[in-house]
Amino acid sequence: MKNIEELNYYEILKIPANSSSFEIKRAYQDALSIYNQDSLVTYSLFSNEERDNILKTVKEAYSTLIDINKKAAYDTILLDSGQIEVSMTSIQNQRKPPHAHTCNMTDSDNFDERARKKSRKKKIETLSNQVLSKDLISGDDLKKMRKAAGIELSEINALTKISASVLRSMEENRIESLPPNLYLKNFLRHYAKMLQIDPQKVIDGYLKNISLAQKK
Amino acid sequence: MTQIYPIGGGKGGVGKSFITASLGALLAKSGKKVLLIDLDLGGSNLHTLLGVNDQQGGINRFLDKTVKNLENTAVSTAIQNLFFISSSLCSMEIANLLHAHKLKIITAIQKLSFDYILLDLGTGTNFNTLDFFLTSNQGIFICTPEPTAIENSFRFIKAVYLRKLKHIVKRHSFNSAVKEAIIRPNHEAITSPDIIETVLKHDPDRENFLRSSLSEFKFKFILNQFRKNLDATIGDKIEDLCNRHFYSNFQFLGTVGYDVRIHDSVLSKKVFIHKYPYAPPAIDIKKITEKIINSRPSIPVTGKIS
Ligand SMILES: Nc1ncnc2c1ncn2[C@@H]1O[C@H](COP(=O)(O)OP(=O)(O)OP(=O)(O)O)[C@@H](O)[C@H]1O
Ligand SMILES: [Mg+2]
């Protein structure tokens with residue numbers, strides 16, 4: 001069975017990126033009717049655990065997309081990776097130079113948004129500088145930076161196609177379940193790019209850390 | 001190019017044989033040269049649905065070498081262009097088909113030249129049924145809109161899918177760690193995400209190959225014995241769901257209505273769509289036939305199973 005974590009939130013709810021909140025709500029109801037415990041369509045298809053995970057992801061998708069701020073942040077990630085196009089999203093107005101028709105967005109909204117983004121960016125920068133200046137980088141460091149950036153594992157998975165279980169192994173330093181170094185390097189590079197930090201530093205620090213742990 | 005469609009589905013009595021006979025008749029009527037093969041070894045009854053009085057048998061004469069070419073065991077039917085190979089006279093132990101015999105039948109079918117070949121399969125998920133279903137890169141499963149039938153269909157799909165995975169891994173150069181992990185005997189509990197994960201871990205270069213090989217397989221499905229009061233969207237929902245959760249391709253062909261006269265025509269050994277060409281289920285099956293004729297031909301399976 002394919003992992004639903006590979007899909008982005010729009011794919012999970014089967015809606016285009018420029019859907020209205022009404023459409024998002026309706027898509028959410030549809031998804032629930034398909035994946036719920038008593039649905040005929042999925043009867044016996046999933047284990048209880050699989051079903052719970054799917055429902056959790058569906059709910060996550062809904063709560064992210066229905067919240068204007070969370071949706072904008074999420075769209076930015078998808079945009080950067082080329083999964084959606086500017087013209088498809090509701091945040092196009094923020095990216096392009098302001099057009100006449102953006103005036104329906106109040107100035108205070110814009111200021112608020114910008115201020116929030118700025119302070120968050122600062123926090124991420126401090127943390128990643130701190131981590132990248134170290135010689136050894138652990139899975140936990142990766143996870144901390146990812147959390148600070150507000151990126152979910154499922155998002156990295158959706159964009160890089162690295163399986164969720166490998167990502168988890170990377171973050172939990174589970175050396176025995178990591179892929180061979182050649183691939184690991186590649187995965188770390190993708191991971192670092194998603195967090196917008198220096199890939200080479202991440203690769204060197206991470207590999208050094210696990211080779212030290214192996215020697216112990 | 002010959003299009004082979006195995007027709008299966010986990011549950012008994014859902015209408016596999018009825019649909020095989022009806023689809024075959026309609027394809028033949030639209031001018032295609034069609035062969036139906038009864039591969040429900042040990043439970044054959046397609047001859048009855050076709051009104052063929054089976055005196056000499058088919059598959060049995062091919063297996064005991066009385067007839068060298070499988071094609072020569074085919075008999076004509078009351079419908080022009082529709083041919084039929086029976087298995088009703090196979091010996092009582094035929095359900096436990098020898099592995100070599102199974103391969104012989106599959107290879108012979110793959111060499112036949114017709115427009116369409118439909119294989120009527122038995123119930124359940126034993127290896128014979130699964131391997132017959134994998135004779136082609138496409139297959140049709142029949143389901144009814146009940147929890148029990150849906151449960152068996154998902155079980156059937158998962159079993160076919162897993163068997164297909166194993167064939168792929170066996171046949172191609174995956175590294176030994178992958179082969180060992182997957183083709184371990186007595187280890188049926190392994191599931192497809194496990195396999196994909198195993199491949200990713202030990203042989204990441206081959207992961208995309210595995211995914212694309214799986215996506216070559218096309219499942220089509222029909223909801224039979226459909227009653228009017230049911231939610232008409234469940235077929236589309238199942239199609240969507242399966243495309244999302246399996247790496248293979250799924251297409252919903254349509255519903256076929258429930259009609260008591262089908263039962264009566266079986267009793268009187270008449271081909272239903274012949275007798276009642278304008279009954280709702282006959283119209284339903286006509287639409288499905290058109291869909292099949294218009295769908296893109298799939299690439300035939302190459303390479304033998306072992
Ligand atoms: N659409 C329908 N409406 C009413 N009755 C039907 C319909 N389809 C099939 N039946 C009835 O269901 C019975 C079983 O059909 P059929 O023999 O085709 O099923 P099968 O899946 O091939 O069963 P088996 O697993 O035993 O091979 C038939 O006798 C027929 O009367
Ligand atoms: Mg049958």
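How many residues of chain B are in contact with residues of chain A?

## Interface between the chains

In this predicted model, 25 residues of chain B are in contact with 28 residues of chain A, contact being heavy atoms within 4.5 Å. About 2500 Å² is buried between chain B and chain A, and carbon and sulfur atoms give 60% of that area. Buried area here is the accessible area (1.4 Å probe) that two parts lose on being put together, summed over both. Lys201(B), Arg244(B) and His245(B) supply 28% of the area that chain B buries against chain A, more than any other three residues.

## Basis of the model

Local features need pLDDT of at least 70 and side-chain atom pairs count only at pLDDT 80 or more, while totals for chains, interfaces and linings use all residues. Residues are numbered from 1 along each chain as its sequence is written, chains are lettered from A and ligands numbered from 1 in the order in which they are written, and side-chain values use heavy atoms, with hydrogens and water left out.

## Chain A

Chain A has 11 helices and 0 strands; helices (H or I, at least four residues) and strands (E, at least two) are DSSP runs, numbered from the N terminus. Of its 216 residues, 44% count as buried, that is, under 20% relative accessible area (1.4 Å probe, protein chains only).

The accessible surface of chain A is about 12100 Å², with 51% belonging to carbon and sulfur atoms. Accessible areas come from the Shrake-Rupley method with a 1.4 Å probe; for residues, only the protein chains shown count as cover. Among contacts in chain A between residues at least 6 apart in sequence, 58% join residues at least 24 apart.

## Ligand 1

The shell around ligand 1 has 4 nonpolar, 9 polar and 3 charged residues. In this classing, Ala, Val, Leu, Ile, Met, Phe, Trp, Tyr, Cys and Pro are nonpolar, Asp, Glu, Lys and Arg are charged, and the others, Gly among them, are polar. Three elements of chain B, α1 (16-29), β7 (218-226) and α11 (260-267), each supply at least two shell residues. The largest share, 3 residues, comes from α1(B). Of the 16 residues around the ligand, Lys16(B), Ser17(B), Phe18(B), Thr123(B) and Asn224(B) come nearest; a residue is counted as near if one of its heavy atoms lies within 4 Å.

A polar backbone atom of Lys16(B) is 2.9 Å from an oxygen atom of ligand 1. Asn224(B) places a polar side-chain atom 2.9 Å from a nitrogen atom of the ligand, and a backbone N or O atom of Asp259(B) lies 3.1 Å from a nitrogen atom of the ligand. The protein covers 83% of the 630 Å² of accessible area that ligand 1 has on its own.

## Helix α11 of chain B

Asp259(B) also caps the N-terminal end of α11(B), with a side-chain oxygen 2.9 Å from the backbone nitrogen of Arg261(B). After α11(B) comes Lys269(B), whose phi is positive, near 55°.

Thr129(B) lies in helix α5 (residues 127-133). Thr129(B) counts as buried because its relative accessible area is 7%. Leaving aside neighbours within four places in sequence, Thr129(B) is in contact with residues including Thr123(B) and Phe156(B).

Thr2(B) is found in the segment before β1 (3-8). A polar atom of the Thr2(B) side chain lies 3.2 Å from the backbone oxygen of Leu112(B), and one lies 3.0 Å from the backbone oxygen of Phe114(B).

Definitions and conventions. Buried means under 20% relative accessible area, exposed over 50%, partly exposed in between (1.4 Å probe, protein chains only). A polar contact is a pair of N or O atoms within 3.5 Å; within protein, one must be able to donate a hydrogen and the other to accept it, and residues adjacent in sequence count only if both atoms are side-chain atoms.
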